[in-house]
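Please look over the model shown here before turning to the notes, which are grouped by topic for a reader who works with computed structures.

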There are 2 protein chains.
Amino acid sequence: MPLITPEHIANTKIHYGIDQLEHASIRQLVMMISDLEAVTGVDFVRMELGVPGLEPAPQARAAEHRVIDSPLLAQYPALNGNAGLRDALSAFFKSFMNLSVPADNCIPTAGAMQASLAAFWLVANLHPARNKILFLDPGFPTQIQQVQSLGIAYARIDVFAQRPRRVADQIRTFLEGGDIAGIVYSNPSNPVWNCLSPDELKEIAGLCDAYECIALEDLAYFGMDFRVDYSQPNQPPYPPSMGHYTHRCIQMFSGSKLFNYAGQRTGALIVPEALMDLSSEQLQTRFGHATFRNALLFGIIQPTTAGLCQSAQAGFEAALRAMLEGEWNPLIEARAYEQRALKLKSALTEHGFDLLYASDGDTPIADGFYFAFGHPAYPESGLAEALIQFGISATPLTDAGAEHKHGLRACVGLMTDDDLHRIKGRLAKFQEAHA
Amino acid sequence: MPLITPEHIANTKIHYGIDQLEHASIRQLVMMISDLEAVTGVDFVRMELGVPGLEPAPQARAAEHRVIDSPLLAQYPALNGNAGLRDALSAFFKSFMNLSVPADNCIPTAGAMQASLAAFWLVANLHPARNKILFLDPGFPTQIQQVQSLGIAYARIDVFAQRPRRVADQIRTFLEGGDIAGIVYSNPSNPVWNCLSPDELKEIAGLCDAYECIALEDLAYFGMDFRVDYSQPNQPPYPPSMGHYTHRCIQMFSGSKLFNYAGQRTGALIVPEALMDLSSEQLQTRFGHATFRNALLFGIIQPTTAGLCQSAQAGFEAALRAMLEGEWNPLIEARAYEQRALKLKSALTEHGFDLLYASDGDTPIADGFYFAFGHPAYPESGLAEALIQFGISATPLTDAGAEHKHGLRACVGLMTDDDLHRIKGRLAKFQEAHA
């Protein structure tokens with residue numbers, strides 16, 4: 001017996017102008033589920049929004065308190081951020097990724113969101129012919145929205161389209177066209193948690209060098225591939241990065257997930273010196289500034305936000321320093337997500353669901369923040385809406401450029417033991433109804 | 001005897017790639033002066049950056065502290081902001097401007113900066129033919145940078161070009177071209193502190209209705225025209241607004257100046273219902289969302305910042321409520337700027353400088369946060385650099401679209417009594433050198 005009637009769902013869909021849940025954005029889905037909870041009184045098991053469920057560093061809270069009591073509240077932040085935060089970012093990338101990037105090239109941003117916006121905007125305007133962004137899917141639909149809103153052309157590759165995986169071959173075909181400015185991927189990825197391997201990254205790096213293309217490495221989930229322990233500073237193993245093989249790689253970093261800081265909107269754009277110093281006529285024409293650095297600071301950071309919130313900068317810096325100094329380690333704490341994913345995957349498979357994208361090349365995909373699943377009764381679409389009737393919400397993969405468009409993304413960020421207990425009862429009812 | 005040698009100035013200009021100070025951005029100038037202070041040890045009298053110099057509301061600090069200790073740090077803000085902040089913004093505009101805007105149409109942004117970015121981006125994409133923004137100058141150069149970075153066409157009018165002022169006639173010529181989507185102005189204006197009068201606004205509002213154009217009202221300095229006391233809620237006089245005459249008007253609001261909150265990056269976009277509900281094919285094509293509201297939230301707010309910092313939202317809300325409840329009144333406190341401007345203007349005129357843009361139509365321009373001045377020895381350019389030699393910094397008006405391109409903008413935000421004392425000695429030396 002479903003908890004939510006089809007009428008409730010239909011009314012909410014009408015309110016948000018959604019015909020099919022497969023075509024709603026994640027944020028629309030989130031608002032819809034919140035409304036359904038309010039109207040029906042049903043407490044959903046919510047897996048739809050990628051929200052961290054652990055605690056920020058105590059050092060971060062303390063640093064924010066200090067700024068709140070200081071004169072900094074009234075003072076504009078520098079466009080390139082506070083020197084202390086830039087230093088901490090540079091030290092972090094050295095210690096935890098073995099990348100040397102000058103502090104002045106580690107620019108604080110409002111989440112990885114503003115970082116990727118800036119990266120797409122700049123990279124697609126470096127050269128008159130290379131004006132297109134290539135996405136390695138499955139990926140994060142909001143990045144597609146970013147290039148669409150900016151009027152930047154794009155193309156997409158599903159890295160799972162070939163077995164065995166031959167991502168470099170897929171990319172080469174596009175690069176030969178001569179119009180690709182940047183290649184975007186996330187390690188691990190939202191939504192299916194796959195990772196490109198060091199060998200794959202090395203091969204793609206070679207292509208970037210050959211075709212003067214720039215890799216845009218989304219590290220919103222830095223180090224959270226729990227198949228390997230990346231938690232110890234200044235020693236291998238380090239998370240794989242295109243930056244290990246080429247200078248044509250920009251990192252987009254986030255305070256939101258790993259540092260449990262989503263609410264304060266912190267992140268950074270990490271730019272190697274070779275790119276930061278680059279200058280082009282096309283940049284001058286578009287932004288009125290010829291160098292990458294000036295176009296970034298005066299042509300993008302200033303006109304979008306004019307710099308990052310002072311107290312949030314201090315909090316982010318303190319979290320990075322706590323990690324660097326061994327006082328607090330979010331890569332160890334985030335192992336909680338691994339355990340939650342393991343349990344949730346079991347609950348789903350025990351009740352007739354399938355795991356999608358279960359392996360990454362030859363190896364099983366890591367248990368982490370996200371995973372993808374489907375159900376044989378919904379080979380095309382309809383699974384998200386069917387689960388909502390039973391008080392469970394998850395995000396359709398439709399817009400992720402994934403092959404398995406019928407599947408859903410589960411996020412374990414907010415999953416408590418109580419949620420895991422409740423979902424089993426609801427999944428049992430779902431199974432009964434689909435027997 | 002100058003404090004700063006021409007060599008020091010030349011070296012710093014080279015470092016920032018600046019040929020002439022008249023062509024530097026304000027932020028570049030700020031960095032340059034900071035460097036000169038560091039290198040020479042001279043403590044400048046700094047009038048170049050528009051920085052508030054008063055205290056934030058204690059209630060704002062307290063509210064931020066509460067959020068810093070709460071689970072909100074880890075939770076993504078809603079794209080349309082916190083309900084409490086939206087309510088406070090709506091109540092503020094009712095009480096202090098006599099405008100009724102539904103709370104759901106008061107969208108928090110990262111300063112007026114993100115608000116104007118969003119406004120330009122949307123308004124220029126509502127209709128295929130109306131794709132140009134018209135600026136009423138003298139104005140804020142960063143807004144020109146915004147449309148340039150977005151690739152939006154624009155035109156500029158100097159409202160002081162005709163005497164007596166006939167702004168509506170100047171505008172009509174452009175509107176007849178059929179391609180103007182929005183008209184931007186600031187009351188009072190950065191950099192010369194002029195205001196459009198209620199009569200002027202009413203006439204322009206009629207044109208906006210006739211030509212389906214949208215007024216973009218920059219209220220970064222809300223109520224700070226100190227010729228009139230706008231500090232009492234729920235009673236006239238109210239600051240003039242195009243919103244009193246037409247629904248085709250969007251307000252761009254800021255927490256930075258009036259609320260002394262520049263560091264935390266708070267502001268809002270205030271959209272009348274008639275515009276928020278608007279839908280167009282052009283919006284659908286550009287943003288993938290047909291309505292103004294969805295294009296704003298999912299096509300701009302999400303892809304730029306994904307919402308506003310949680311603690312900053314709470315601080316801004318608390319400041320607005322403190323003002324609404326009569327516990328704290330920044331419009332009374334900001335009268336300090338009026339006094340500083342009065343003293344600084346006297347010091348300049350007593351030492352051979354001219355005030356520019358001294359009257360606004362028939363009445364003297366208000367003493368406030370900014371004013372413009374020049375010097376007869378520099379009828380074309382060079383005044384900014386000449387003053388730097390004497391340890392005084394101010395911003396060239398070049399990029400403001402002003403007629404008096406040789407003039408400088410002074411900001412009294414950070415001006416202390418000590419600064420006023422020091423500047424007199426330096427101005428005396430400047431006068432001596434120019435005798």
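**Backbone, helices and interface**

Trp193(A) sits in the loop that runs between β5 and α8 of chain A.

- Although Trp193(A) is not a glycine, its phi is positive, at about 70°, and most residues other than glycine have a negative phi.
- Because its relative accessible area is 0%, against a cut-off of under 20% for buried residues, Trp193(A) counts as buried.
- In chain A, Asn187(A) and Pro188(A) are joined by a cis peptide bond with an omega of about -15°, and Pro188(A) belongs to the loop between β5 (180–186) and α8 (198–211) of that chain.
- In chain B, a cis peptide bond with an omega of about -15° links Asn187(B) to Pro188(B), and Pro188(B) is placed in the loop between β5 (180–186) and α8 (198–211) of chain B.
- As background to these bonds, most peptide bonds are trans.

**Loop between β6 and β7 of chain A**

- Asn234(A), which is not a glycine, has a positive phi of about 60°, and this residue is found in the loop between β6 (214–219) and β7 (249–254) of chain A.
- Asn234(A) counts as exposed because its relative accessibility is 55%, where the cut-off for exposed is over 50%.

**Helix α14 of chain A**

- Helix α14 of chain A covers residues 335–350, and its 16 residues should span 22 Å at 1.5 Å a residue, which agrees with the 23 Å that separates its end C-alpha atoms.
- The buried residues of α14(A) are Tyr337(A), Glu338(A), Arg340(A), Ala341(A), Leu344(A), Lys345(A), Ala347(A) and Leu348(A).
- As background to such a list, an α-helix has 3.6 residues a turn, so residues three or four places apart point the same way.
- The elements of chain A against which the buried residues of α14(A) pack are β9 (354–356), β12 (370–374), β15 (408–411) and α16 (417–433).
- Glu350(A) also lies in helix α14 of chain A, but this residue counts as exposed, because its relative accessibility is 55%.
- Just after α14(A), Gly352(A) adopts a positive phi of about 90°.

**Helices α4 and α12 of chain B**

- The axes of helix α4 (residues 83–97) and helix α12 (residues 310–324) of chain B come within 9 Å and cross at roughly 35°, and the crossing of α4(B) and α12(B) is left-handed.
- On the α4(B) side the residues that make the contact include Leu85(B), Ala88(B), Leu89(B), Phe92(B) and Phe96(B), while those from α12(B) include Phe316(B), Leu320(B), Met323(B) and Leu324(B).
- Sorted by class, the contact of α4(B) with α12(B) has 10 nonpolar, 3 polar and 3 charged residues.

**Contact between chains A and B**

- In the predicted model, 62 residues of chain B are in contact with 62 residues of chain A.
- Chain B and chain A bury about 5200 Å² between them, and 56% of this area is on carbon and sulfur atoms.
- Within chain B, Arg27(B), Leu73(B) and Tyr76(B) lose the most area to chain A, and together they account for 15% of what that side buries.

Notes:
Residues are numbered from 1 along each chain as its sequence is written. Chains are lettered from A and ligands numbered from 1 in the order in which they are written. This is a predicted model: local features need pLDDT of at least 70, side-chain atom pairs count only at pLDDT 80 or more; totals for chains, interfaces and linings use all residues. Side-chain values use heavy atoms; hydrogens and water are left out. Helices (H or I, at least four residues) and strands (E, at least two) are DSSP runs, numbered from the N terminus. The expected span of a helix is 1.5 Å times one less than its number of residues. Buried means under 20% relative accessible area, exposed over 50%, partly exposed in between (1.4 Å probe, protein chains only). Contact means heavy atoms within 4.5 Å. Axes are lines fitted to C-alpha atoms, for helices over the stretch in contact, and angles run from 0 to 180 degrees between N-to-C directions. A crossing is left-handed if the near helix is turned anticlockwise from the far one by less than a right angle, and right-handed if clockwise. Ala, Val, Leu, Ile, Met, Phe, Trp, Tyr, Cys and Pro count as nonpolar, Asp, Glu, Lys and Arg as charged, and the others, Gly among them, as polar. Buried area is the accessible area (1.4 Å probe) that two parts lose on being put together, summed over both.
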